Amino acid sequence: MPKHPNAGRINTAADVKDNLLPVLVGGDILTYSYVREFYRAYGLRKCIVLATQDIKVISTSTFTDYRLREGIHDPEVLCCELESIAREVNGAKTLLLLGSDDVHARIFSSNKERLERAGYVVPYIDFDLLDDITQKRRFYELCEELGIAYPKTWYFDCSDSQLEIPVDSFTYPLIAKPSNSAQFQEADIPHKKKIYEIQDAAELERVWKSIRDSDYSNQLVIQDFIPGGDENIHTLTLFADENGDTVMGAGGTVCLQDHDPTALGNPLCIMGEKVDAIYEAGAAFLKAVGYHGFANFDIKYDPRDGSYRFFEVNTRCGRNTYYLSLAGCNFVTLFVEDFILGHKITPRYANNPYLFCCVPEYVLKRSMPEGPVKEHALELYRATKDRYPLRFWSDTTIHNLWADVMLVNQIPKFKKFYWDTNGKQLDV
């Protein structure tokens, strides 16, 4: 396929250093992963970062032009700010637009034509497809059609102010979560959690009423709880070409996830592993819907029947997609090769042994159950260079100090949200 019409003077990888300007929205681990990997791959010394708060570990980086902007969670405000940046650059650089969460993916996708007219390369799927497959109910319908396992699921309409859930008809524990994560993120809900671990009927009743009576108007998803700890959770990152064919992938076992209720489900430690059944199912899904670009799947192994049950697809890089670089493919190169240069990518699976890890070794030792998974994770912890994406010795001393502060801060977080609760979700 030809190079992107907004690619400007970038005709080869050698042109990237002097002619590409990534514009990154958000301030999390993924944002810094973009920054460091563009430098490692192409020697790119500056990325614009737009954020609403001063995240020191990113703002102190020598590789960022960090800009605080109020209100950019609002689509119109963000689009106007991006158009302002495009006018400022005035064609001197090729602008590549990347975000760090689901809200950004929706904004970029729904405003793709406008942002491309402004001069951006926007590597996100069209909004009709994004809006379709990110609705949990539709995702599970597609899984059913394709023979992909998923958890037993019930749906309840939060826009119906009179609807009551038959809380006594379920077997507990259960999982409760929003069908539309992006809308839920913006909703005003008391004691809001990313995912709710429901222990009994009374708790489900409280959670249902708090969400039903809020400004969240989509569905609440109730799911069967799949037994097993974090070591049964898997992640899969795939990249599909313009034909929907998967050309790059990597995955692993989630040895440890964040247990802070506001971030529950975010993997903090991932051990490289290829499970053919997971890879084949993910690739089949992307082909069936005609996907193009990065997709990230959350999966859990069900010991009751030996299946791998798919929970959702994220239509973007995940906050942990840096693990693709650890597995053997610098993940930002896929944006350049496909979306800017239009090169055909030779299909392969990045399968170098690795441990992606955002917690100290002490946290792994105390949190993971004894057994071969823990033993192998600790071996890889010592063997994996650059396992922690925020620590990067080519960056400033103050940046790396903040990276270390964030790493050490995981110890009191795990004490509060995991060790002191015996692994149960803490009410907030």
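## The parallel sheet

In this predicted model, strand β2 (residues 47-51) pairs with β3 in the parallel sense, over five bridges. Within that pairing, V49 has Y66 in β3 as its bridge partner. The two strands belong to an open sheet of five strands, ordered β3-β2-β1-β4-β5, with parallel pairing. Its edge strands are β3 (64-68) and β5, each of which pairs on one side only.

Helix α2 (residues 29-42) lies across β1 (20-25), β2, β3 and β4 (94-99), and runs at about 170° to β1. Helix α5 lies across β1 and β4, running at about 135° to β4.

## Strand β11 and its partners

Strand β11 (residues 246-257) has twelve of its twelve residues buried, so the rest of the structure largely encloses this strand. Strands of a sheet pair through backbone hydrogen bonds, in either a parallel or an antiparallel sense. For β11, pairings of both kinds occur: antiparallel with β10 and parallel with β15.

Strand β10 (residues 233-240) and β11 are joined by eight bridges and run antiparallel. F239 stands opposite M248 in β11. The two strands form a hairpin with five residues between them, and G244 in the turn has a positive phi of about 85°.

Strand β12 (residues 267-272) also runs antiparallel to β11, with five bridges joining the two. Here G252 has G272 in β12 as its bridge partner. With strand β15 (residues 348-349), β11 pairs in the parallel sense over two bridges, and the bridge partner of G249 in β15 is Y349.

## Packing of α8 and α11

Two packed helices are described by the angle between their axes and the distance between the axes. Helix α8 (residues 136-146) and helix α11 (residues 276-289) pack at an angle of about 105°, and their axes are 11 Å apart. An angle from 65 to 115 degrees counts as roughly perpendicular, and α8 and α11 are therefore roughly perpendicular to each other.

From α8, the residues F139, L142 and L146 meet A284, F285, A288 and V289 of α11. The residues of this contact divide into seven nonpolar, no polar and no charged.

## Salt bridges

Side chains of opposite charge can pair when their charged atoms come close. The model has a count of 31 salt bridges. One of them joins D102 to R316, with the closest N and O atoms 2.8 Å apart. D102 lies in helix α5 (residues 102-110) and R316 in the loop between β14 (307-314) and α12 (323-327), so this pair ties together parts that are 214 residues apart in sequence. D102 is partly exposed, at a relative accessible area of 21%, whereas R316 is buried, at 12%.

A salt bridge also forms between K112 and D126, whose closest N and O atoms are 3.1 Å apart. K112 is in helix α6 (residues 112-118) and D126 in the loop between β5 (120-121) and α7 (127-133); the pair, 14 residues apart, links distant parts of the chain. K112 counts as buried, at 14% relative accessibility.

The salt bridge of E205 with K209 has its closest N and O atoms 3.5 Å apart. Both residues lie in helix α10 (residues 201-212), four residues apart, about one turn of the helix. K209 is partly exposed, with a relative accessible area of 37%.

Terms used:
Residues are numbered from 1 along each chain as its sequence is written. This is a predicted model: local features need pLDDT of at least 70, side-chain atom pairs count only at pLDDT 80 or more; totals for chains, interfaces and linings use all residues. Side-chain values use heavy atoms; hydrogens and water are left out. A salt bridge is a side-chain nitrogen of Lys or Arg within 4 Å of a carboxyl oxygen of Asp or Glu. Buried means under 20% relative accessible area, exposed over 50%, partly exposed in between (1.4 Å probe, protein chains only). Two strands pair if DSSP finds at least two bridges between them. Contact means heavy atoms within 4.5 Å. Axes are lines fitted to C-alpha atoms, for helices over the stretch in contact, and angles run from 0 to 180 degrees between N-to-C directions. Angles under 35 degrees count as roughly parallel, over 145 as roughly antiparallel, 65 to 115 as roughly perpendicular and the rest as oblique. Ala, Val, Leu, Ile, Met, Phe, Trp, Tyr, Cys and Pro count as nonpolar, Asp, Glu, Lys and Arg as charged, and the others, Gly among them, as polar.
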